[in-house]
Amino acid sequence: MAEPAAQTAFAEEALTHLDTLYRGALRLTHDPDAAQDLVQEAYLRALRYQHSYQQGTNMKAWLFAIMRNLFWDRFKGSRKEDVSLDDVGEFVLYDKLRDEGARPEADVLDKIAASEVVSAVDKLPPLHREVVLLVDVEGFSYKDAAQTLAVPIGTVMSRLHRARQQLQKSLFDYAVESGIVRPDGMNEGPPRNHGEASDFVGPRQVPQQ
Amino acid sequence: MRCEECSDKLDRFVDRELTNTEALEVQLHLEGCPDCMEHYDFQEHLKRVVKRSCDCDVAPTAFREKLRQILS
């Protein structure tokens, strides 16, 4: 067991990542109480095995790995669901909108409520959902996500790609159901005046990388 | 660069995972190809919408305090 001061310092640093773990647990369990149980168990395990954490490495990724392993062991059984997403085609929502000349396509995304986006994420199979959580929500690099999930980087990339396709499909279905777009992909609402500046505030400049 | 190659690299470009050289090649293609630029805009926007939508949950204060006590 670590010295009390060292343990306190470790705990304090670990708690700086609490929101990330809680968000992840919430999206994995779909239940606030279960999420708190999972996170608490993960922190206790992290404290127990703090000697295995290498200073200077990514503590957030280390903690998330502990939590998701617990999730699979305790909540889902040790056998991971081998759920593969159907191939829904490339860029479903984007292509549907684009084919019908609805521009700019990204405007549709701004009309979809955040709760519906969360719902679409929640509908993803867990193995795909956790990649979206790590890369898109928490900003993990592919390398850190691969280490956290104990899979090759190529698996992270393929799961992420499939997950984004599925997200587009779910969001398109919602956009049709809620009348944001018609089933043929056209935007609802007043026609745009293409001669004037767009009110789209998304990036037109490609960022320097 | 052809549009097909740009499309193949779009996920990694949006996720800032390409090498500097690859990113520059994609960037140059996007600046000269309105179709791919719109495609990029959409993917970038989708990523931001997902983050913004899922980012708002934070751990309850009481839970944070409970954990702090348990861990100390």
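Modeller: A salt bridge is counted when a side-chain nitrogen of Lys or Arg lies within 4 Å of a carboxyl oxygen of Asp or Glu. This is a predicted model, in which local features need pLDDT of at least 70 and side-chain atom pairs pLDDT 80 or more, while totals for chains, interfaces and linings use all residues. Residues are numbered from 1 along each chain as its sequence is written, chains are lettered from A and ligands numbered from 1 in the order written, and side-chain values use heavy atoms, without hydrogens or water.

A:Asp136 and A:Arg164 form such a bridge, with their closest N and O atoms 2.6 Å apart. A:Asp136 belongs to helix 8 of chain A and A:Arg164 to helix 10 of chain A, so the pair ties together parts that are 28 residues apart in sequence. Helices here are DSSP runs of H or I with at least four residues, numbered from the N terminus. A:Asp136 counts as buried at 3% relative accessibility, and A:Arg164 is likewise buried at 4% (buried is under 20% relative accessible area, exposed over 50%, partly exposed in between; 1.4 Å probe, protein chains only).

A:Arg164 also meets B:Asp15 in a salt bridge of 2.8 Å, N to O. This pair crosses between chains, since B:Asp15 sits in the loop between helix 1 (3-14) and helix 2 (20-32) of chain B, while A:Arg164 is in helix 10 of chain A. B:Asp15 is buried, at 10% relative accessibility. A network of salt bridges links A:Asp136, A:Arg164, B:Asp11, B:Asp15 and B:Lys47. Over all chains, the structure holds 17 salt bridges.

The two helices of chain A also pack against each other. The axes of helix 8 (residues 126-137) and helix 10 (residues 153-177) of chain A come within 9 Å and cross at roughly 100 degrees. Helix 8 and helix 10 of chain A are therefore roughly perpendicular (65 to 115 degrees) to each other. Axes are lines fitted to C-alpha atoms over the stretch in contact, with angles from 0 to 180 degrees between N-to-C directions. Contact means heavy atoms within 4.5 Å. From helix 8 of chain A, A:Leu127, A:His128, A:Val131, A:Val132, A:Val135 and A:Asp136 meet A:Val156, A:Arg159, A:Leu160, A:Arg162, A:Ala163 and A:Arg164 of helix 10 of chain A. By class, the contact between helix 8 and helix 10 of chain A has 7 nonpolar, 1 polar and 4 charged residues.

Conventions: Angles under 35 degrees count as roughly parallel, over 145 as roughly antiparallel, 65 to 115 as roughly perpendicular and the rest as oblique. Ala, Val, Leu, Ile, Met, Phe, Trp, Tyr, Cys and Pro count as nonpolar, Asp, Glu, Lys and Arg as charged, and the others, Gly among them, as polar.
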